[in-house]
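Morning, everyone. Please have the sequence and the model open side by side. I'll talk through the side chains.

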Amino acid sequence: MPKTHSKADCTLAERVAELAWRAMIAEVELSPKPGLVDRHNSGAHQDMTLEDFYLSANAIYPWLADFVRYGATSAGLAETSVLSGLRHIGLACEADMFRATGGVNTHKGSIFSLGLLCAAVGRLHEHRRRLTPESICATVASFCHGLSARELQLGNQQKTAGQRLYLTLGLTGARGQAEAGYPLVLKLALLHVRIMRNRHLPTERIWLDTLLVLMAHNGDTNVASRGGLQGLLWLQHQARALLHRGSVRRDKDMHALREFDQQCIARNLSPGGSADLLIVTLFLDELSRLAKR
């Protein structure tokens, strides 16, 4: 695990990088998660383990501060010009991830989202603007203006999985959430976390509950690529039903969550897009709490 640092001996970039790394670790250790790798099992993934996620997060960790620094050094550029520079850092970070995991894609989505968010933090700090979830997500939206149209409507014959899902189901996935400024995180997940904290629930229950909220509303392209529209609708319905019954706020509700996990495994469904949004939520929640200290 990366060495932790005190607030006093860290630059902003290093502090933000550590929060982003902690968000990745907190997400994968959260258990049980339907269809996802956690401390109990590998979910619907036969090619990855919990250890792969630790190796991946540690490989990504050094790059996170570089995203923050690039956001600061590019603060004089137009916001729509930042993405191309971030892409080069992201590809290098991704290469390190694949080397660490032996080719397993553990955190590609998180490199995309955390890279954007960290760069937004660097830019806002350079402009002496407040670091709030709203300002950070709005800056990400400006970075990504037009991204979905450019990358999902391309007319090449060898279409990516993301392009096929956009053309057939209208799903924009991670690109769409970033371009819209992460509305599922700002308007649902972070608000839900605050409500659950006021009810004094254990921390792990709060985050499991929040994951279910994201699964219930997210047009998860990871799920759709494995199970089609039917699989996506089934998973959203199951998450909503569990939330309606009280989710995981009581001890007896955990049995239903474990059953949901087994059902996802049997159907080969993994809500990886919702897991990525949970990491975004964890990161922004911790960053906002840090800013208040």
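I'll go from the core to the rings, then the cysteines, then the charges. Keep in mind that this is a predicted model.

Let's start inside. The largest nonpolar core has 92 residues. Which of them touch the most other members? They are L64, L116, L117, Y182, F260, F283 and L284. Helix α1, residues 12-29, gives the most to this core. Its share is 11 residues. There is a general pattern behind this kind of grouping. In soluble globular proteins, nonpolar side chains tend to be buried together.

Now pick out F260. Leave aside residues up to four places away in sequence. What does F260 still touch? The list is P34, L212, M215, W234, L235, Q238, A239 and L242. Hold on to W234 in that list. We will come back to that residue.

Next, the rings. How many aromatic pairs turn up in a search of the whole structure? The search finds 2. Take W21 and Y61 to begin with. Their ring centres are 5.8 Å apart. Their planes stand at 75°. An angle over 60 degrees counts as edge-to-face, so that is what we call this pair. W21 belongs to helix α1. Y61 belongs to helix α2, residues 50-73. Y61 has 15% relative accessibility. Buried means under 20%, so Y61 counts as buried too.

The other pair is W234 and F260. Here the ring centres are 5.9 Å apart, and the planes are at 70°. This pair is therefore edge-to-face as well. Again, distant parts of the chain are linked. W234 is in helix α11, residues 221-244. F260 is in helix α12, residues 253-267. They are 26 residues apart. Both W234 and F260 are buried.

W234 has one more partner to show you. Which charged end sits over its ring? That of R267, at 4.1 Å from the ring centre.

On to the cysteines. How many disulfides does the structure hold? The count is 0. Look at C137 to see why a bond is ruled out there. The closest cysteine sulfur is in C144. That sulfur is 11 Å from the sulfur of C137. A disulfide needs the two sulfurs within 2.5 Å, so 11 Å is too far for a bond. C137 is buried, with 0% relative accessible area. C264 also counts as buried, at 0% relative accessibility.

Now the charges. A search of the whole structure finds 10 salt bridges. I'll take three of them.

The side chains meet at 2.8 Å, N to O. R22 is partly exposed, at 41%. E18, at 6%, is buried.

Then R39 and E204. Their closest N and O atoms are 3.3 Å apart. R39 lies in the loop between α1 and α2. E204 lies in helix α10, residues 203-217. These parts are 165 residues apart in sequence, so the pair ties them together. R39 is partly exposed, with a relative accessible area of 44%. E204 is partly exposed too, with 33%.

Then R87 and E151. The closest N and O atoms are 3.2 Å apart. R87 is in helix α3, residues 82-101, and E151 is in helix α6, residues 147-152. They are 64 residues apart, and the pair links distant parts of the chain. R87 is partly exposed, at 43%. Salt bridges that share partners join R87, E151 and R175.

You'll find it in helix α4, residues 108-126. Is R123 buried or exposed? R123 is buried, with a relative accessible area of 7%. Its contacts, not counting residues up to four places away in sequence, include G71, L77, E79, V82, T139 and F143.

That's the tour. Questions, please.

How values were computed: Residues numbered from 1 in each chain as written. Predicted model: local features only at pLDDT ≥ 70, side-chain atom pairs only at ≥ 80, totals over all residues. Heavy atoms only, no water. Core = buried A, V, L, I, M, F, W, Y, C linked by side-chain atoms within 4.5 Å. Buried < 20%, exposed > 50% of the residue type's maximum accessible area, 1.4 Å probe, protein only. Helix = DSSP H or I, 4+ residues; strand = E, 2+ residues; numbered from the N terminus. Contact = heavy atoms within 4.5 Å. Phe/Tyr/Trp six-rings, centres within 6.5 Å; stacked < 30°, edge-to-face > 60°. Lys NZ or Arg CZ within 6 Å of the ring centre and 35° of its normal. Salt bridge = Lys/Arg side-chain N within 4 Å of Asp/Glu carboxyl O.
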